[in-house]
Amino acid sequence: MDTEKKLSKEEVVSKIFELYEECKKFPEWDITIDNILTAIGDENVIEFFISVGNIYLSQQLREVIDKGIF
């Protein structure tokens with residue numbers, strides 16, 4: 001029997017924003033891809049973190065282009 005509490009819509013949205021803010025810190029983490037591979041060892045998790053990192057790098061690049069710096 002599934003006894004897990006279902007989250008309300010507001011709780012889900014709040015959790016998504018919490019995760020987003022935490023993931024924004026990813027480029028600041030002092031972890032190399034080699035360290036991730038060694039520590040995690042799960043390719044799905046590694047792919048997720050690489051994708052998150054790419055999203056934020058893409059956003060930063062877009063900001064630089066929009067400001068005319070690049």
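**Packing of helices H1 and H3**

In this predicted model, the axes of helix H1, which covers residues 9–24, and helix H3, which covers residues 43–66, come within 10 Å and cross at roughly 75°. Because angles of 65 to 115 degrees count as roughly perpendicular, H1 and H3 are therefore described as roughly perpendicular to each other. On the H1 side the contact is made by Tyr20, Cys23 and Lys24, and on the H3 side by Val52, Tyr56 and Gln59. Sorted by class, the residues through which H1 meets H3 comprise four nonpolar, one polar and one charged.

These two elements belong to a protein with three helices and zero strands, whose pattern, read along the sequence, is α-α-α. Of the 70 residues in the protein, buried residues make up 11%. Within H3, the buried positions are Ile46, Phe49, Val52, Gly53 and Tyr56; Val52 and Tyr56 also take part in the contact with H1. In general, an α-helix has 3.6 residues a turn, so residues three or four places apart point the same way.

At the N-terminal end, H3 is capped by Asp42, a side-chain oxygen of which lies 2.9 Å from the backbone nitrogen of Asn44. Beyond the other end, H3 is followed by Gly68, a residue whose phi is positive, near 75°.

When residues up to four places away in sequence are not counted, Glu11 touches Lys5 and Lys6. With Lys5, Glu11 is joined through the side chains by a polar contact of 3.1 Å.

Definitions and conventions: Residues are numbered from 1 along each chain as its sequence is written. This is a predicted model: local features need pLDDT of at least 70, side-chain atom pairs count only at pLDDT 80 or more; totals for chains, interfaces and linings use all residues. Side-chain values use heavy atoms; hydrogens and water are left out. Axes are lines fitted to C-alpha atoms, for helices over the stretch in contact, and angles run from 0 to 180 degrees between N-to-C directions. Helices (H or I, at least four residues) and strands (E, at least two) are DSSP runs, numbered from the N terminus. Angles under 35 degrees count as roughly parallel, over 145 as roughly antiparallel, 65 to 115 as roughly perpendicular and the rest as oblique. Contact means heavy atoms within 4.5 Å. Ala, Val, Leu, Ile, Met, Phe, Trp, Tyr, Cys and Pro count as nonpolar, Asp, Glu, Lys and Arg as charged, and the others, Gly among them, as polar. Buried means under 20% relative accessible area, exposed over 50%, partly exposed in between (1.4 Å probe, protein chains only). A polar contact is a pair of N or O atoms within 3.5 Å; within protein, one must be able to donate a hydrogen and the other to accept it, and residues adjacent in sequence count only if both atoms are side-chain atoms.
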